[in-house]
Amino acid sequence: MIKPVPIYVDGQWSISPTTGWQQIVDPTTNAPIAKVPFCSRGEIERAVAAAHQAFLAWRQTPIGERARLMLRYQALLKQHHDELAAIVSQETGKVMADAKGDVWRGIEVVEQAANVPSLMMGEHLENVAPEIDCYSLRQPLGVCVGITPFNFPAMIPLWMFPLAVACGNSFVLKPSERVPLTAVRLVELFYQAGAPDNLVQLIHGGQAQAECLYTHPEVKAVSFVGSVGAAQAIYRGASNALKRVQALGGAKNHLVVMPDANKEEVLNALVGASIGAAGQRCMAISVVIWVGNSRTWLLELAARLSKITPGISDENAAYGPLISAQAKQRVEDLIATAEQEGASLLLDGRGFSHPSRPNGNWLAPSLIDDVSTDMTVYQQEVFGPVLLSMKTTSLSDAIDIVNRNPCGNGTSIFTSSGAAARRYQHGIEVGQVGINVPIPVPLPYFSFTGWKQSFYGDLHTYGKQAVQFYTETKTVTTRWFDGDDDSEVNMTIALK
């Protein structure tokens, strides 16, 4: 019997009574491993109501106690690191090394959440006017919602609810219906760390459940990670419902190679950053732009990519399968369209079959040369182990290509020239820039700062901006009378 995935609503774990269910499959075999409920509106109403009640008590909890909860949670996450990675690997198909990285990058954000007392400090100024002082406070919002994608089932939920809770909010988490098992364990460990009942609710479902959450009158803020189209829809819908929103969309990340770059570092970076996790990263490098004679390294890159094959964790494979048969078919169609539109297919990853798991969603690396910006494969986020190759004669042309792309999540330049690197970081219209670093995902002391169609909102996720996102500023102006005051009526707005 296929195991049903539980929900956590109104203080208890239970199996949803809903009639709507979806199978969860192992991407390496497409065999079912569990089934996930699509929660009813009534369950969502109960979850939000319970979260609101939890918030009313939690907001009064001393901030040091909230920080200590995060320290205990961090310790438990570290203790169960490999167990969590195994769950990630099972439901996403990621190889264990990549799954462990997924968990660890989330733990780093929980560590930052434990620093919340210093992050929430306000400002104080004496004598802004005679005997009048002014100070600001950061206070929590209320019920916050997180809607997370399939590709990082540990890291991205941990980007959201620990910081929101540390700031004094309660939270409702809706993970991707494709990968709900990791979220269940994350929430179990959160309560094992000593969190009060109902502080984080866990519900499951798809688009309808997400919409029910982000339009709910009691919800104050919404965090989302997904495709460009979904980010736009949630930003519009949640903003129209007058919510605070941060919606992270898709990407088309370019790596620019200058002729003076270190060839070995470039080739190693391109292999790992383009096909790691089967290319299912919003910060994956999907386009390489060769400047000048650096393009002579293209065939060496093809040779290195050709030696890499996907597989399962116990083989120490480089990467696993795509998340679903539909995702695999979409990537194969984009490869075919690129060839039809005039690109050169140097490596074709279609047709790969794993010897022991032939029914999995496998694709070997693909390398497509002579790509132009009007091709379908360039205009869409591929989200597969596919690297596109372009050439320019100058850094200016490379910058122009990147800046004309509608997405602005991440980009990198490899060079030994400080002048070229500075020119690139200054002139590029992308939110996260790597200099001789292929995937410049910031550590949690900074924020994840995508631009253009890669992000909709104002305040970005994790780091100091996330604390601003999950709190509201209150400013207090004070004056105390000493009994001898002989002030007069003030008919102006000036402080006197």
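What follows is a short tour in questions and answers.

Visitor: What kind of model is this, and how are residues numbered?

Guide: Happy to start there: this is a predicted model, in which local features need pLDDT of at least 70 and side-chain atom pairs count only at pLDDT 80 or more, while totals for chains, interfaces and linings use all residues. Side-chain values use heavy atoms, with hydrogens and water left out, and residues are numbered from 1 along each chain as its sequence is written.

Visitor: In which order do the 7 strands of the open sheet run?

Guide: Helices (H or I, at least four residues) and strands (E, at least two) are DSSP runs, numbered from the N terminus. Two strands pair if DSSP finds at least two bridges between them. The pairing in this open sheet is mixed, and the order is β14-β15-β16-β13-β12-β18-β19.

Visitor: Which residue of β16 is the bridge partner of I289?

Guide: Look at β13 (residues 285-291) and β16 (residues 386-392), which pair in the parallel sense over 5 bridges. Within that pairing, the β16 partner of I289 is M390.

Visitor: At about what angle does helix α14 run to β13?

Guide: Helix α14 (residues 395-404) packs on the sheet and touches β12 (253-257), β13, β16 and β18 (410-414). Contact means heavy atoms within 4.5 Å. Axes are lines fitted to C-alpha atoms, for helices over the stretch in contact, and angles run from 0 to 180 degrees between N-to-C directions. For α14 and β13 the angle is about 155°.

Visitor: And which strand does α11 make about 160° with?

Guide: Helix α11 (residues 298-306) lies across β13, β14, β15 (366-369) and β16. The strand it runs at about 160° to is β15.

Visitor: Is S286 buried or exposed?

Guide: S286 has its place in strand β13, and leaving aside neighbours within four places in sequence, S286 is in contact with K252, N253, V386, L387 and L388. Buried means under 20% relative accessible area, exposed over 50% and partly exposed in between (1.4 Å probe, protein chains only). With a relative accessible area of 13%, S286 is therefore buried.

Visitor: How about E123, buried or exposed?

Guide: E123 sits in the loop between α5 (116-119) and β5. Beyond its neighbours within four places in sequence, E123 is in contact with C134, Y135 and S136. Its relative accessible area is 63%, so E123 is exposed.

Visitor: What is the order of the open sheet of 3 strands?

Guide: β5 (residues 124-129) and β6 (residues 132-140) pair in the antiparallel sense over 3 bridges, with L125 opposite C134. β6 also pairs with β22 (residues 471-479), in the antiparallel sense over 9 bridges, and there Q139 stands opposite E472. The order is β5-β6-β22.

Visitor: Which residue in the hairpin of β5 and β6 takes a positive phi?

Guide: This hairpin has 2 residues between the strands. The positive phi, near 60°, belongs to E131.

Visitor: What is the volume of the largest pocket?

Guide: On a 1 Å grid over the protein atoms alone, a cavity is a set of points where a 1.4 Å probe fits but cannot get out, and a pocket is an open set with protein on both sides within 12 Å along at least five of seven lines; lining residues have an atom within 4 Å of a point. Grid points are joined across faces, edges and corners, and a volume is the space filled by probe spheres set on the points. The largest pocket is lined by 43 residues, with F150, F224, G226, S227 and A230 nearest its centre. Its volume is about 990 Å³.

Visitor: How much space lies in the largest cavity?

Guide: The count comes to 3 cavities of 30 Å³ or more. The largest cavity is lined by 16 residues, and those closest to its centre are G279, A284, S286, E381 and F383. The space in it is about 90 Å³.
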